[in-house]
Amino acid sequence: MRTLPQRFVEARTLTVQLAAPLSAEDQTLQSMPDASPTRWHLAHTTWFFATFLLEPYDPGFAWPDPRYRELFNSYYEGVGPQFSRARRGLLSRPGVAEILAWRRAVDEAVVACFGRADPALRALLAPIIELGIQHEQQHQELLLTDIKHALFQNPLQPAYRDDLGDIVPAPTAPSPGDETPSLNLAGGRVTVGAAGGEFHFDNERPEHPHWLHPFRVAAAPVSNGRYREFIEDGGYLRPDLWLSDGWAACREQAWSAPLYWIDGAHAFTLRGVQRLDPQAPVCHLSFFEADAFARWAGARLPTEFEWEHFACLHGHEAAAGTLLDDGALHPLAGEASGLRGLWGGAWEWTASDYAPYPRFRPLPGALGEYNGKFMSGARVLRGGSCVTSHSHLRWTYRNFFAPEKRWQFSGIRLAMDA
Ligand SMILES: [Fe+2]
């Protein structure tokens with residue numbers, strides 16, 4: 001069992017390792033307001049520990065420059081003003097070397113502060129360090145999804161890692177129209193949400209009862225091959241398959257395939273352009289595309305409560321999909337049969353709005369802004385992706401994005417009424 005300071009150092013080290021294949025020029029790129037430069041992720045995750053732990057609890061703490069407080073504040077109004085999110089790519093100073101030196105100083109200060117704290121202070125610091133580790137892991141995933149989007153803008157199609165070799169597609173392609181097996185669930189009164197014990201975000205609490213009608217859930221996520229059938233059947237041309245807002249987004253943004261698909265046979269990945277594996281999970285879809293596909297397939301998306309109940313009952317039987325720990329950096333086909341990919345591979349869009357659970361209470365103070373204030377207009381995704389760390393996931397985990405966003409590793413698992 002690793003101690004909290006050990007897990008802290010591991011998490012902080014991994015972020016630096018993920019940035020290491022990127023040049024200082026790469027680390028400055030910002031391709032859109034949603035995506036941040038690598039160097040900003042390195043600095044902001046450091047800002048988190050400086051702001052919420054060192055400034056209040058370490059008498060010897062000082063900012064390298066007091067303006068960092070604003071420069072690397074993401075969205076915490078309770079902390080103070082923030083530098084414009086859309087203009088983060090303009091921050092060429094502090095340089096990468098300065099940011100890395102600041103990271104090392106903050107890491108040492110956090111470990112020292114925790115080490116000399118008496119039991120009462122440790123009880124205050126431990127939850128902040130734990131939250132900071134979880135926050136660091138979220139930004140590790142964003143660092144990779146954001147640099148993927150940035151590198152994709154370059155006609156040279158540069159790889160984040162070109163030393164991993166080509167992705168080898170699974171040997172046999174599924175036949176067209178192959179039905180994925182599904183599991184039947186009785187539903188009824190079930191319990192969802194986090195009870196306590198191990199770490200959970202505030203948005204996973206409280207545990208509460210929920211009523212489910214009988215339903216079925218697919219044993220595997222939707223594959224590239226199956227999604228290509230949707231495209232070839234005119235899925236992007238048929239308004240009857242789409243929600244009104246989805247059809248508007250599809251027309252405005254001229255969607256005709258998942259983000260990063262190049263020609264129907266290849267896609268841009270963190271490992272450069274690769275052949276599409278028909279059996280691997282489809283990813284980089286908006287909620288609207290996932291929803292339209294489900295309607296085309298005569299099914300629907302699961303609610304987040306169906307997903308969680310299904311995962312809690314059957315998750316132990318599931319072969320994990322690709323995770324960050326595997327180092328593949330792309331969803332792979334994995335097992336050919338059985339229950340697949342509940343963890344990892346691609347996040348799975350659910351039909352559920354991102355809303356507070358009954359009697360939800362955000363964390364006190366500025367950290368209460370972490371999750372609660374985003375409960376408007378987003379949809380919930382479950383299960384993790386190929387760039388999520390295994391230690392970051394649990395069945396009650398609620399990820400959320402606006403329904404038109406496609407740059408995350410986001411895919412589909414189908415459900416239907418039973
Ligand atoms: Fe953050």
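Okay, let's start at the metal: the iron ion has three histidines as its protein donors, His44, His135 and His139, each through NE2 and lying 2.2 Å from it. Donors here are N, O and S atoms within 2.8 Å of the metal (3.2 Å for Na, K and Ca), and water is not among the atoms, so sites may look incomplete. Before I go on, this is a predicted model, where local features need pLDDT of at least 70 and side-chain atom pairs count only at pLDDT 80 or more, while totals for chains, interfaces and linings use all residues. Residues are numbered from 1 along each chain as its sequence is written, and side-chain values use heavy atoms, with hydrogens and water left out.

Back to the iron. Along the chain its donors follow the spacing H-x90-H-x3-H. What separates histidine 135 and histidine 139 in helix α5? About one helical turn, because they sit 4 residues apart in that helix, residues 119-152. Helices, by the way, are DSSP runs of H or I with at least four residues, strands are runs of E with at least two, and both are numbered from the N terminus.

Now, salt bridges. I'm counting a side-chain nitrogen of Lys or Arg within 4 Å of a carboxyl oxygen of Asp or Glu. How many turn up in the whole structure? The search finds 25.

One of them joins arginine 69 to glutamate 55, at 3.0 Å from N to O. That pair links distant parts of the chain, with arginine 69 in helix α3 (residues 68-71) and glutamate 55 in helix α2 (residues 38-57), 14 residues apart. Arginine 69 is partly exposed at 30% relative accessibility, and glutamate 55 is partly exposed too, at 31%.

Next, arginine 413 and glutamate 348, whose closest N and O atoms are 2.8 Å apart. Arginine 413 is in the loop between β10 (410-411) and β11 (415-417), and glutamate 348 is in strand β7 (residues 347-353), so this bridge ties together parts 65 residues apart in sequence. Are these two buried or exposed? Arginine 413 is buried at 0% relative accessibility, and glutamate 348 is buried at 2%.

Then there's lysine 373 with glutamate 369, closest N and O atoms 2.6 Å apart. Here lysine 373 is partly exposed at 38%, whereas glutamate 369 is buried at 12%.

Last one: Arg12, Arg103, Asp107 and Glu136 are linked in a salt-bridge network.

Technical notes. Buried means under 20% relative accessible area, exposed over 50%, partly exposed in between (1.4 Å probe, protein chains only).
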